[in-house]
Amino acid sequence: MPTVRDVREQAGEEPITMLTAYDAPTAEIVDDAGVDIILVGDSVGNVVLGHETTVPVTVDGIAHHVGAVSRATEDALVVADMPFLSFGVDESESIENAGRMLKEEGAQAVKLESGPHTVDLTEKMVQLGIPVMAHLGLTPQHVNQYGGYPRQGTDQAAAERMLELAIEHEEAGAFSLVLEHVPSNVAAEITEALEIPTIGIGAGPDCDGQVLVFDDAVGISEWTPSFSEQFGNVRAEMKSAVDDYVDAVESGAFPAAEHSHEESDLEDLY
């Protein structure tokens with residue numbers, strides 16, 4: 001199983017692959033494929049639970065999914081995505097929430113949607129033995145502040161501040177950095193400036209790795225963002241299988257004789 005040190009040492013050496021997973025069967029598939037990192041994302045809120053945003057996801061909710069993924073994973077590094085307001089408000093509560101993901105649910109690291117408020121917190125968590133993956137650019141937990149999901153780092157001042165924050169989080173001990181929905185040239189410059197690996201999502205090809213939402217990557221999602229790619233059409237396969245099931249039950253073809261058994265020694269019940 002890779003460690004955070006292994007991931008850190010991949011910077012500039014070997015592309016890092018990361019996908020989300022929210023349950024044991026998906027984690028098994030992702031793990032068996034040799035993906036380096038499984039992110040149990042707070043995207044579970046809108047991908048799996050039917051919420052419009054990630055904001056409603058709770059600590060108990062993410063812990064439930066982290067445990068399921070951890071129990072099914074043998075090789076990948078499991079990272080727990082800390083949900084909205086589970087960190088950055090009170091330091092001791094932030095540390096307790098993050099520590100729970102490692103101590104009780106089996107994750108090896110946590111991800112924080114980062115900003116000026118998470119630099120000192122990152123340093124404290126790392127000192128206590130909680131590895132931290134930072135996250136800059138588009139941070140979906142700020143959807144109500146952004147008014148949507150706009151690109152980030154698109155002007156000079158914002159790009160420079162992003163670089164500053166990236167360096168500050170590296171110095172605080174973060175072992176990697178997710179860059180989401182930022183200009184590819186900005187991501188390239190940040191990647192060049194850091195020793196820790198960057199993992200991009202909508203941030204161009206020059207990051208040290210890439211991450212996608214599992215449902216988007218395999219084609220389950222009905223809609224995907226412009227920076228994503230569908231590498232399969234699982235939604236169509238699932239629909240076809242369900243349609244075939246309905247047809248088989250309605251026609252009487254299922255269950256067939258091989259799907260059931262009789263106990264010949266039983267007496268008539270009537």
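**View 1. R161 is a partly exposed residue, with a relative accessible area of 31%.** Here, partly exposed lies between buried (under 20% relative accessible area) and exposed (over 50%), using a 1.4 Å probe and protein chains only. This is a predicted model, in which local features need pLDDT of at least 70, side-chain atom pairs count only at pLDDT 80 or more, and totals for chains, interfaces and linings use all residues. Residues are numbered from 1 along each chain as its sequence is written, and side-chain values use heavy atoms, with hydrogens and water left out. R161 forms a salt bridge with E164, and the closest N and O atoms are 3.1 Å apart. A salt bridge here is a side-chain nitrogen of Lys or Arg within 4 Å of a carboxyl oxygen of Asp or Glu. Both R161 and E164 sit in helix α8, 3 residues apart, or about one turn of the helix. Helices (H or I, at least four residues) and strands (E, at least two) are DSSP runs numbered from the N terminus. E164 is partly exposed too, at a relative accessible area of 40%.

**View 2. In helix α11, K239 and D243 lie 4 residues apart, about one turn of the helix.** Their side chains meet in a salt bridge, 2.9 Å from N to O. K239 is exposed, with 53% relative accessible area, whereas D243 counts as partly exposed at 35%.

**View 3. D60, R100 and E104 are linked in a network of salt bridges.** Between R100 and E104, the closest N and O atoms are 3.7 Å apart. R100 counts as partly exposed at 23% relative accessibility, while E104 is exposed at 55%.

**View 4. A nonpolar surface patch is formed by V242, Y245, V246, V249 and F254.** Together they have about 430 Å² of accessible area, calculated by the Shrake-Rupley method with a 1.4 Å probe, where for residues only the protein chains shown count as cover. Patches take residues with over 30% relative accessible area and no salt bridge, joining like charges within 9 Å and nonpolar side chains (Val, Leu, Ile, Met, Phe, Trp, Tyr) within 5 Å.

**View 5. The largest pocket has a volume of about 800 Å³.** Of its 32 lining residues, N46, E180, V213, D216 and P225 are the closest to the centre. Two or more lining residues come from each of β1 (16-20), α3 (44-47), β4 (109-113), β6 (176-180) and β8 (209-212). A pocket is an open set of points on a 1 Å grid over the protein atoms alone, where a 1.4 Å probe fits, with protein on both sides within 12 Å along at least five of seven lines; lining residues have an atom within 4 Å of a point. Grid points are joined across faces, edges and corners, and the volume is the space filled by probe spheres set on them. By class, the lining holds 14 nonpolar, 10 polar and 8 charged residues. Ala, Val, Leu, Ile, Met, Phe, Trp, Tyr, Cys and Pro count as nonpolar, Asp, Glu, Lys and Arg as charged, and the others, Gly among them, as polar.
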